[in-house]
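Trainee: I have a structure open and would like to go through it with you. Can we start with the overall layout and then look at single residues?

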Amino acid sequence: MSMRIVLAAALLLAFNLTTAGDAFAQKTKTKGNTPEVTQPQGNTLDPHDPDDLEEILDEGDAAYFVEDGQDPDFEYAFEMYSLAAEAGDGYAMNRVALMYDRGEFVAQDYSKAFDWYLKAAEAGLPAGQSNVGSMYHSGDGVRQNYAEALHWYRLAAGNGYGYAMYALGDMYLAGDGVTKDAEEATAWYQKASDAGEANGHWSLSLRYLYGDGVGKDTQRAAELAYLALTNGLQVAWDEFKDIRNADTSPNYRRAIQEMLKRDGFYSGTIDGSFGPATQRAIESAFGSAL
C-alpha cells in the first residue's frame, strides 16, 4: 500500500537512475499560528457564515496541528472539518479526505478518502487536485489510471502546486503513462524546486549528482540536497546518515560540510568523512529553514 504523506525512495535506490522519484503525493497543509481551542463550539457556529466558517477551520486546525509533546484531538478536528466540508469548503474537504486516508479518528478508508479528495479537487483546491492524481497514480481507493493521474497532476501544477510538479517529474522518470524521459523529468523537478517544494530540491539534486537528464554538477547537487535538508525533507536526513554507503563523490560530501560550516552547524575538518561531528551538524541543520 503506498504512502502519499512523505514517502520517499531511499538514496541508494534513487541512485539507480531508472527508479522514480521520492513520493506519491503530499497530503498535508498546515496553517501557521492557529489559535488554541478552549472549548467545543461547533454546535453554535454556522459554516455558511464566512466569519463562522473561518473560526470552524481555525478550531479544526488548532485541534489537529499541535505543539511537539501534545496529543492532537483528532475527534474534534474531524468534527470541525466535516462541518465545513459539508458546507462546501475545499480545504476542509481535503482535510476530511486526509483523515480517512490516514485512519485518524475514523477507520482508514481509501475509497472515502478518494471521494473527498475529488470533491476538494472539483472545488478548485490545487492540493485536492494533486491528491486525486496521487490516488489514480497509486491505485488507492480507485482503479489505477496513469492518464487520470497525469490529468490531475497537470491541473494542480498549472495552479502552481509544487508537489504536483514534482509528481509529474516522477512519472516521466519512471515512464508511468508516458515515455520515459529523464530530461522532461528534470524539467519538472526544476519547476518544483523553483516553487519551493523540498521533494523537488532533492530529486533535482540527484539528477545533477549523476548527470541524468542534465549535465553533472556536483556543487549544484550539493546545494540542492542541502536545501532539501534545511527545509525538513526526511529522506535527505535519512540518506545523509548513510551517505558513506552510497555512491557519492568526496567533492559532493565536502560541499555539504562546507555549507554546514558556513551556517554555523559544523566546526570540524572539511574531509568528506561524515563522521559523528558531521552527523550531529546534519541533525541540527534539519528543518532549520522552516
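Trainee: Fine. What should I know about the model before reading anything off it?

Mentor: This is a predicted model, where local features need pLDDT of at least 70 and side-chain atom pairs count only at pLDDT 80 or more, while totals for chains, interfaces and linings use all residues. Residues are numbered from 1 along each chain as its sequence is written, and side-chain values use heavy atoms, with hydrogens and water left out.

Trainee: How many helices and strands does the protein have?

Mentor: There are 14 helices and zero strands. Helices (H or I, at least four residues) and strands (E, at least two) are DSSP runs, numbered from the N terminus.

Trainee: And how much of the protein is buried?

Mentor: Of its 290 residues, 50% count as buried. Buried means under 20% relative accessible area, exposed means over 50%, and partly exposed is in between, with a 1.4 Å probe and protein chains only. The accessible surface comes to about 13000 Å², and carbon and sulfur atoms account for 46% of that. Those areas come from the Shrake-Rupley method with a 1.4 Å probe; for residues, only the protein chains shown count as cover.

Trainee: What share of the contacts is between residues 24 or more positions apart?

Mentor: They make up 54% of the contacts with a separation of 6 or more. Contact means heavy atoms within 4.5 Å.

Trainee: On to charges. How many salt bridges are there?

Mentor: A search of the whole structure gives five. A salt bridge is a side-chain nitrogen of Lys or Arg within 4 Å of a carboxyl oxygen of Asp or Glu. One of them joins aspartate 212 and arginine 207, at 3.3 Å from N to O.

Trainee: Are those two buried or exposed?

Mentor: Aspartate 212 counts as buried because its relative accessibility is 14%. Arginine 207 is buried as well, at 2%.

Trainee: Which other pairs can I look at?

Mentor: Lysine 241 and aspartate 238 form a salt bridge at 4.0 Å, N to O. Both lie in helix H12 (residues 234–241), three residues apart, so about one helical turn separates them. Lysine 241 is partly exposed at 46%, and aspartate 238 is partly exposed at 32%. Another salt bridge links arginine 262 to aspartate 263, at 3.0 Å from N to O. Arginine 262 counts as exposed, with 56% relative accessibility, whereas aspartate 263 is partly exposed at 37%.

Trainee: What about aspartate 176, where does it sit?

Mentor: Aspartate 176 is in the loop between helix H8 (162–174) and helix H9 (182–194). It is buried yet has no salt bridge, and the nearest side chain of opposite charge, lysine 180, is 8.2 Å away. For that label, Lys and Arg count as positive and Asp and Glu as negative; His and the chain ends are not counted.

Trainee: Which residues is it in contact with, then?

Mentor: Leaving aside neighbours within four places in sequence, aspartate 176 contacts His137, Tyr146, Leu150 and Met171.

Trainee: Which residues form the negative surface patch?

Mentor: Asp46, Asp49, Asp51 and Glu54 form it. Patches are made of residues with over 30% relative accessible area and no salt bridge, with like charges joined within 9 Å and nonpolar side chains (Val, Leu, Ile, Met, Phe, Trp, Tyr) within 5 Å. The place of a charge is taken as NZ of Lys, CZ of Arg, CG of Asp or CD of Glu. Aspartate 49 is in the loop between helix H1 (11–14) and helix H2 (50–64), and it is partly exposed at 32%.

Trainee: Switching to backbone. What is phi at phenylalanine 105?

Mentor: Phi there is positive, about 70 degrees, although the residue is not a glycine. Phenylalanine 105 lies in the loop between helix H4 (90–102) and helix H5 (110–122), and it is partly exposed at 46%. Phenylalanine 274 also has a positive phi, near 55 degrees. Its place is the loop between helix H13 (250–262) and helix H14 (276–285), and phenylalanine 274 is buried, with a relative accessible area of 0%.

Trainee: Last one: what does glycine 162 touch?

Mentor: Not counting residues up to four places away in sequence, glycine 162 touches Ala192, Ala195 and Glu197. Glycine 162 is in helix H8 and counts as buried at 10% relative accessibility.
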